[in-house]
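Subject: Handing over the structure

Dear colleague,

I am passing on the structure below so that you can look at it alongside my notes. Please keep it open while you read, and find each residue as it comes up.

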2 protein chains.
Amino acid sequence: MSNAADEATVLERIERVRAHGDKLKDEFVTLAHGAGGKASAQLVEQVFVAEYGNDTLNEMTDAGVMGLAALAAAAGTSLSGGEQLAFSTDSYVVNPIFFPGGSIGDLAVNGTVNDLSVSGAVPYGISAAFVIEEGLEIDVLRRVVADMHRAADRAGVKIVTGDTKVVAKGAADKLFITTAGVGIVPASVALRAGAVSVGDAILVSGPIADHGMAVMLARGDLALAAPIETDSKPVNGLTRALLEAAPQTRWMRDATRGGLGTVLNELAKTSGKGVAVYEEKLVVREMTRGACDILGIDPLYVANEGMFVAVVPADEAEAALSAVKALPGGEEAALVGKIVAEPASAVVMVTGFGGTRMVDMLVGDPLPRIC
Amino acid sequence: MSNAADEATVLERIERVRAHGDKLKDEFVTLAHGAGGKASAQLVEQVFVAEYGNDTLNEMTDAGVMGLAALAAAAGTSLSGGEQLAFSTDSYVVNPIFFPGGSIGDLAVNGTVNDLSVSGAVPYGISAAFVIEEGLEIDVLRRVVADMHRAADRAGVKIVTGDTKVVAKGAADKLFITTAGVGIVPASVALRAGAVSVGDAILVSGPIADHGMAVMLARGDLALAAPIETDSKPVNGLTRALLEAAPQTRWMRDATRGGLGTVLNELAKTSGKGVAVYEEKLVVREMTRGACDILGIDPLYVANEGMFVAVVPADEAEAALSAVKALPGGEEAALVGKIVAEPASAVVMVTGFGGTRMVDMLVGDPLPRIC
C-alpha cells in the first residue's frame, strides 16, 4: 500500500538506498530474486526503487495509489463526473533488447504513454512488470530500468507500481516487460472512429518505418548495415497540442506493430469509410526507404514507436498541422490523405503518377518480435 | 479507443462473432498471430473478444476508457476529490499452467483483484497481456481465457483492454500473462503500515499454503500425490465486508509469493513494530501440512492466492472476524496474533507449548514459478 501518509517512509527509504550506494553484490539475476523473499526485496530496492523512486511507488509489489483529483489536475481539468479513465497495457518482447536509438525499456514506457495519448488521455502513472530469464546480467537490467526512468521523465509520467518474476534459463528470452498505464480523458474529448466523415484530413505526425527497420538491422543476421535509429518517443505532448488546436479531432491512433497500413485499414473497417493516402506526402527517410527496398519490405507495414495518425475535420487541418509541427518530434508531420466515400471500408494509395493501388491489411509477419 | 458512442459497434461485433460461432480454423498459435495483421485480428476477435466481450473492451489493442463517475459508483461513493485510484500489476509465469482447482488464467485475474482489494480499493477494470510461445494449442489458450472470464465475473470486474505477443518456440515457456487493474479507494479508507499500533489484532482470512503445495504437486516430479487444491479466489468481497465492520482497519495484504511469513516480516520492518503469531491459531489443512512436513517446507513461506492478512484495532477485531467468517471463502478466518512492542521490526511465533521462535524472511526459493 502507498497511501499518502506512507510517503515519508517511502521517501526515507529511497534516500537511504541512494545514500548507501549500490549494495547489490549479485552480478546475475537468479531464481531467488523472483521468490518474494530477501533477494527479491534487495533487487527491488537496489534496482527498481533506487532508480524510479517517487512518492507514489512503494515496494513495486502492491498497488500504487494516486489521488484522483491530482490525475484530473494533470489533465488540465477538475473532477466534474464527465472525465474518463483511460487504461492500457502492452507486453514488450523486442529482440534484441538494445538497438540504435533505444531499448526495450524506453519502448515499454513510450508504447503505453502513446496508447493512452491517442485515446485522448493525459497519461499519469505507469506500471512495469518484468519476466526475467535466470542469468540475465544485473547491469543489463539496470540499463533497461534507467532507460525506463528517462523515458518516464521525458513523458512526464511516474512509474508507480510493478512486479518481477524470474524463470529458469531457457524458459524466456532474456527479458520481457509488460507496462500498463492510466490517464484521464477530459470531458471535452470524444474521439471515435464513428465520427470520421468524408472530407476529413489525415495527419501523420512523422516519418514512418524507422523503428522496425532499426530493430531488424540490429539483429545483424541480414547482410545489410545502415545507420537507422528507432523513432521511439512519447507523443503525449503532440497529441495534447493537436487536440487543443483541433478540438473537433475525430480519431487518433499510434501506428506500431503492423505499421500505418494496418492502422488505416482498421480505421476504414471500423468507420465504414474509405481512406485515400497520397504516396508523395508520406515521409520515409532515405536510408529507411533504401533498406526497405533492398529487403523487399513495404514501409507501410513496418512498426513505428513515436508516431501517430489523426483524423481531423478539413477546416481544422491546417491548425492541427501547425500545432504538431511546432513541437520537437513533430517537425515532419504532414497531411497525407483524406477520408473518402469510395472505396468504402478500404484504403487506397494514390501514387505520384495519379494511379491508385489498394492497401490491404498485413498478412503474415515480416518482422517478428519488433516490439 | 472505446468511448461511449462506440459501444453499439463493439457490441454488434461481439454479437456477430458469437452468432457465427467459432471461425478460427488454426489449431496452434503462430508468429503471424502476433504480427498485428489479419491473423492477429482474427485471434483477438475469435478468442478474446468472443470470450470477454463487454461494453468497455474494444479490440484488445487500445486503451480501455471508463467513466470515472462509474468507477466511483462501483466503489459505493461519488466523486468528491478525496477518492484515490489504485493501480496494480503482476506477471504470471506459473508452471504448470493448469493445476488442481485453477489455472494461470484465474490466478492472473484473482491476483490483481486481490492486490487492489488489500489496498482498500474496489476493483473495477482489469487488463490482460499475453506472451505466447509459438505452437501453443489454440484450445489451451481458449481454456485459459475462459478461466479468466469466469474469474472476472466472480469478482465483479471487467476485462477492459489487453495485448497479445507471440515469440518463437523456445523463447518462452507456453504462456505468460500480465494483468493490471484499476479500482477506486473511497475517501474514507486510509490503510498504511505506519498506523499499526501495539495491541492491534492480526486477522488471517483462511487456511495457508494450499496454492503453493497444489502447484508443486501438480508438477509431478515429486514422489508424492495428495488431493490439494489451490485457494485461488477473489477476496474483494471479504475485504469490503471487513472494512465496513472494522472502519479503523490499519493495514491489509495478500500473502502470495513468499507466504504469510514474508508478508508479516515486511509489515514488521515497515511499521517498526513486532508481530506475534500463535502457531495453534494458524489454519493449515491436514493434507497440506502433511505434504509440507514430508517435503521439509514451512507452510509459512508457501504462496497463497485467495487469502489476506489484516491488522485491526483490538476493539474492532471481533466485528471484523464475524464479518469475514460470514462470507463464502472466509469461513476459516481467524485472529492469529497481535502487534507487540518487542521484538521490534521482527516476527515471533508462539508455539503450542508457550515457547517462541523467530520467523525470518524467506531466503532462497523453495518453489520457483509458483504464480
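What follows is a walk through the findings, from the contact between the chains down to single residues.

Please bear in mind from the start that this is a predicted model, and that each value below was computed from it.

Let me begin with the two chains together. The size of an interface is often given as the accessible area lost when the parts come together. For chain B and chain A that buried area is about 6700 Å², and 60% of it falls on carbon and sulfur atoms. Chain B brings 87 residues to the contact, while chain A brings 89 residues. Between chain B and chain A there are four salt bridges, whereas the count over all chains of the structure is 26. You can find a salt bridge where the side chain of Arg257(B) meets that of Asp163(A), with 3.2 Å from N to O.

Chain A also has a salt bridge that you can follow along a helix. Asp139(A) pairs with Arg142(A), and their closest N and O atoms are 3.9 Å apart. Both of these residues belong to helix α5 of chain A, where they are three residues apart, or about one turn of the helix.

Helix α4 (residues 104-118) of chain A packs with helix α5 (residues 138-155) of chain A at an angle of about 30°, and their axes are 7 Å apart. The crossing of α4(A) with α5(A) is right-handed. On the α4(A) side, the residues in contact include Ile104(A), Val109(A) and Val113(A), and on the α5(A) side they include Val144(A), Met148(A) and Ala155(A). Sorted by class, this contact has nine nonpolar, two polar and two charged residues.

In the other pair, helix α6 (residues 210-218) of chain A and helix α9 (residues 286-295) of chain A pack at an angle of about 60°, with 10 Å between their axes. α6(A) is therefore oblique to α9(A). Their crossing is left-handed. From α6(A) the contact uses Asp210(A), Met213(A), Met216(A) and Leu217(A), and from α9(A) it uses Thr288(A), Ala291(A), Cys292(A) and Leu295(A). Among these residues of α6(A) and α9(A), six are nonpolar, one is polar and one is charged.

Some backbone details also deserve a careful look. Most residues other than glycine have a negative phi, and most peptide bonds are trans. Ala209(A), however, has a positive phi of about 80° although it is not a glycine, and this residue sits in the loop between β8 (201-204) and α6 of chain A. In chain B, the peptide bond from Asn95(B) to Pro96(B) is cis, with omega near 5°, and Pro96(B) lies in the loop between β2 (84-92) and β3 (98-99). Another cis peptide bond joins Glu342(B) to Pro343(B), with omega about -5°, and the loop that holds Pro343(B) runs between β12 (334-340) and β13 (347-350) of chain B.

Finally, which residues does Thr256(B) touch, once its neighbours within four places in sequence are left aside? They are Val302(B), Ala303(B), Asn304(B) and Glu305(B). Thr256(B) itself is in the loop between β9 (251-254) and α8 (259-271) of chain B. Its C-alpha atom is separated by 31 Å from that of Ala168(B), which is 88 residues away along the chain.

How values were computed
Residues are numbered from 1 along each chain as its sequence is written. Chains are lettered from A and ligands numbered from 1 in the order in which they are written. This is a predicted model: local features need pLDDT of at least 70, side-chain atom pairs count only at pLDDT 80 or more; totals for chains, interfaces and linings use all residues. Side-chain values use heavy atoms; hydrogens and water are left out. Axes are lines fitted to C-alpha atoms, for helices over the stretch in contact, and angles run from 0 to 180 degrees between N-to-C directions. Helices (H or I, at least four residues) and strands (E, at least two) are DSSP runs, numbered from the N terminus. Angles under 35 degrees count as roughly parallel, over 145 as roughly antiparallel, 65 to 115 as roughly perpendicular and the rest as oblique. A crossing is left-handed if the near helix is turned anticlockwise from the far one by less than a right angle, and right-handed if clockwise. Contact means heavy atoms within 4.5 Å. Ala, Val, Leu, Ile, Met, Phe, Trp, Tyr, Cys and Pro count as nonpolar, Asp, Glu, Lys and Arg as charged, and the others, Gly among them, as polar. Buried area is the accessible area (1.4 Å probe) that two parts lose on being put together, summed over both.
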